[in-house]
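Here is a friendly walk through one model, from its rings to its core and its annotated spans. Please keep the structure open beside the text as you read.

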Amino acid sequence: EFLGSLEMTSSLSGVVVEENAAYSPRMAGGGFGMQSSSQQSGLISEYFMRLFQFDQMDFQYTYSQMVSLCRCAPGELYKATQIRRKIKNQWARDDPAFIVILMGMISISSLAYCITFGVHGIFHLLRVVVGSVLVDFLGTGCFMATATSFVANRYLRVQRVMTTEQQVEWLYAFDIHCNGFFPLFVLLYPVQFFLSPLLLQPTFLATVLSNTLYALAFIYYHYITVLGYSVLPFLRDQNRFFYPVGLILVAYFFACVVNFNMSQFVLYWYLG
């Protein structure tokens, strides 16, 4: 565990050196000090423009982050977030490699679903693939980042006297969404794909297994969200972001009682 933490620290330090040479220092301060709306818009635009600068991305470090999320160790990822804050004075990633890799994985998985389930027509295929990336991942991410950062800044910030006022930056909130979306993607894309012969059976057992898979995916998403906001020292009561889990459990039990199979519904909605 010590060696893993040391490797993560060394890797992050290497990323810092490379990014400082390649990227503008205007990104510094994300998640730390107060910024105007125009400053935040400029930083967000600059960040998304880097999606096309593949030569400046650290894919190896990004893969190590994804491995931490997959083996149920998101705390290691947020330790790196705290290290980034100390080194670069910002919470959010300024390397969009995580988004690029995840968008590629989503596209390939969606294409695999289309081919396996016999989606006909190039328009339908593009609708599934592009919709999965732009709506399910990026669109939902923009909404969640906007909503959670608003709630955190409006209701969870600790007001201290004689200290610099701090706020949750939108980019860091989007980072948290990306972290939570990756294990959700693993469960609801590849895992569901390989289990689909079982999950799509017209049996009560298939319904329970399918709904359990979806419940676990969304509960883990909210768990990672709570961890992401818990590392910010200027917030309180971050566990409130776990409240939607109650609704997820209610929906889960109700769906099982009425024999509503989430896998059947979702796959028919997208591919039917």
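One aromatic cluster is made up of Phe98, Tyr113, Phe117, Phe182, Phe185, Tyr189, Phe193 and Phe194. Please bear in mind that this is a predicted model. Across the whole structure, a search turns up 16 aromatic pairs. A pair of aromatic rings is described by the distance of the centres and the angle of the planes. Two of the pairs are set out here.

| Pair | Geometry | Centre to centre | Angle between planes |
|---|---|---|---|
| Phe98 and Phe182 | edge-to-face | 6.2 Å | 75° |
| Tyr113 and Phe117 | stacked | 6.0 Å | 15° |

Phe98 and Phe182 are both buried. In the other pair, Tyr113 has a relative accessible area of 5% and is therefore buried, whereas Phe117 is partly exposed because its relative accessibility is 31%.

Let us turn to the nonpolar core. The largest one holds 61 residues, and those touching the most other members are Ile99, Leu102, Phe137, Tyr172, Tyr229 and Leu232. Two or more residues come from each of α3 (59–70), α4 (74–88), α5 (97–116), α6 (122–156), α7 (170–199), α8 (204–230) and α10 (262–271). Which element gives the most to this core? That is α7, with 14 residues. As for Leu232, beyond its neighbours within four places in sequence, Leu232 is in contact with Trp91, Val168, Tyr172 and Gln238.

Next, the annotation. An unreviewed UniProt entry places the feature "transmembrane region" at residues 97–123, 129–152, 172–193, 213–235 and 247–271. In the model, residues 97–123 are 81% helix and 0% strand, with the end C-alpha atoms 28 Å apart. For residues 247–271, the figures are 84% helix and 0% strand, and the end C-alpha atoms lie 27 Å apart.

Some individual residues also deserve a look. Asp58 is found in the loop between α2 (37–49) and α3. Is Asp58 buried or exposed? Asp58 counts as buried, because its relative accessibility is 16%. A polar atom of the Asp58 side chain lies 3.4 Å from the backbone nitrogen of Gln60.

Finally, the cysteines. Cys114 is buried because its relative accessibility is 2%, and Cys256, at 9% relative accessibility, is therefore buried too. With a disulfide taken as a pair of cysteine sulfur atoms within 2.5 Å, the count comes to 0 disulfides.

Note on methods: Residues numbered from 1 in each chain as written. Predicted model: local features only at pLDDT ≥ 70, side-chain atom pairs only at ≥ 80, totals over all residues. Heavy atoms only, no water. Buried < 20%, exposed > 50% of the residue type's maximum accessible area, 1.4 Å probe, protein only. Core = buried A, V, L, I, M, F, W, Y, C linked by side-chain atoms within 4.5 Å. Helix = DSSP H or I, 4+ residues; strand = E, 2+ residues; numbered from the N terminus. Contact = heavy atoms within 4.5 Å. UniProt positions renumbered as here; feature names shortened; annotations may be inferred. Polar contact = N/O pair within 3.5 Å; in protein donor to acceptor, adjacent residues only side chain to side chain. Phe/Tyr/Trp six-rings, centres within 6.5 Å; stacked < 30°, edge-to-face > 60°.
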